[in-house]
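Here is a short report on helix packing and the nonpolar core. Keep the model open as you read.

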Amino acid sequence: MFEKTFWGWPEFKVEIARMISTQERYFKTILPLLKKADEIVAKILNRPLSYVGKRPQDFVVASLVTRCFRLSIVALHSALGGYPDTVSVLLRPSYEIGLRLLQIEKDPIPASLGYLLGGIKEEIRIAESWFKHLRDSRQPTGNLEHNIENLKAYVKTIHKELENHGYSPDEVEKKYGKLKPKQVTKEFGIEDHFYDVSFGFMSGYVHERGFALDNYYRDIPGRRVYHVGPIIKNPGAVIDIFLDLFKNLHIAAKILGELELSEQALKAHMKVSKTFPI
């Protein structure tokens, strides 16, 4: 059975806002920590940033932290607004960011430039495939060919930077270009709980294996009701957002040598970990 018909944007907007107001009181001990996270992010970003030069890791860490924070804000809005089943989909990239940060902490320059190189190479592959399709089907290609050339120039710059630092671009790309979560977690000794449990759980939502089902239906005598509108379920999603965010900020600050910021993130993480879902 459909729980309510004729949902439109005005109804969604009002109900989501009402739901957020309703749920905020249950998380009054941890929601203020978002300000602390924002302060840590600001200090991480407030420094010279470039992938060219002595510390490409600062540039990449800043990029990863910004992405993680933005994902966390949207996930928090979804969780409090009655769509907690979307949180795992939003958080899985943050889990991968966490693995990238571990690699960068261990091997700063090659892991950072390898991350950039792998992303650019994949973007070129996709763009070239699309360009071929447009050309073969005689459709306009616009600036696509020019954009591909710019991306290839970017690759050459990163190759040069790696060589300046004494690394082989091919070897770096092979090791760090594409993230292999199972291999990385095994390397860092966290395969059993991070990959097999946490990452696997997130993947179940991302790849639609039915993990979200319990989050949007309820059984009542004689029938099952499916909810398309916001509902209060799975409050632990809010806690997961903060745990993931502060874990990544802790590692990021360590990479930058900001030990005080790293300690602040760790303390916030510990405070959140002691919070129990409603």
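This is a predicted model. Start with helix α4 (residues 87-106) and helix α9 (residues 191-206), which pack at an angle of about 145°. Their axes lie 8 Å apart. The crossing of α4 past α9 is left-handed.

Which residues make the contact? From α4 come Ser88, Val89, Leu91, Arg92, Tyr95, Glu96 and Leu99. From α9 come Phe194, Ser198, Phe199, Phe201, Met202, Ser203, Tyr205 and Val206. By class, the contact residues of these two helices divide as follows.

| Class | Residues in the α4 and α9 contact |
|---|---|
| Nonpolar | 10 residues |
| Polar | three residues |
| Charged | two residues |

Now take α4 by itself. α4 has 20 residues and spans 29 Å from first C-alpha to last. That is close to the 28 Å expected at 1.5 Å a residue. Is α4 mostly covered or mostly open? Mostly covered: 14 of its 20 residues are buried.

Next, the core. The largest nonpolar core holds 67 residues. Ile44, Val61, Phe242, Phe246 and Leu249 touch the most other members. Helix α10 (residues 236-255) gives this core its largest share, 12 residues. Leaving out residues up to four places away in sequence, Val61 touches Ile44, Leu101, Ile104, Ala252, Ile255 and Leu256. Another core, of five residues, lies apart from the largest one. Among its members are Ala127, Leu134, Leu144 and Ile148. In soluble globular proteins, nonpolar side chains tend to be buried together.

Conventions. Residues numbered from 1 in each chain as written. Predicted model: local features only at pLDDT ≥ 70, side-chain atom pairs only at ≥ 80, totals over all residues. Heavy atoms only, no water. Axes fitted to C-alpha atoms, helices over the stretch in contact; angles between N-to-C directions. Helix = DSSP H or I, 4+ residues; strand = E, 2+ residues; numbered from the N terminus. Left-handed = near helix turned anticlockwise from the far one by under 90°. Contact = heavy atoms within 4.5 Å. Nonpolar A, V, L, I, M, F, W, Y, C, P; charged D, E, K, R; others polar. Core = buried A, V, L, I, M, F, W, Y, C linked by side-chain atoms within 4.5 Å. Buried < 20%, exposed > 50% of the residue type's maximum accessible area, 1.4 Å probe, protein only. Expected span 1.5 Å × (residues − 1).
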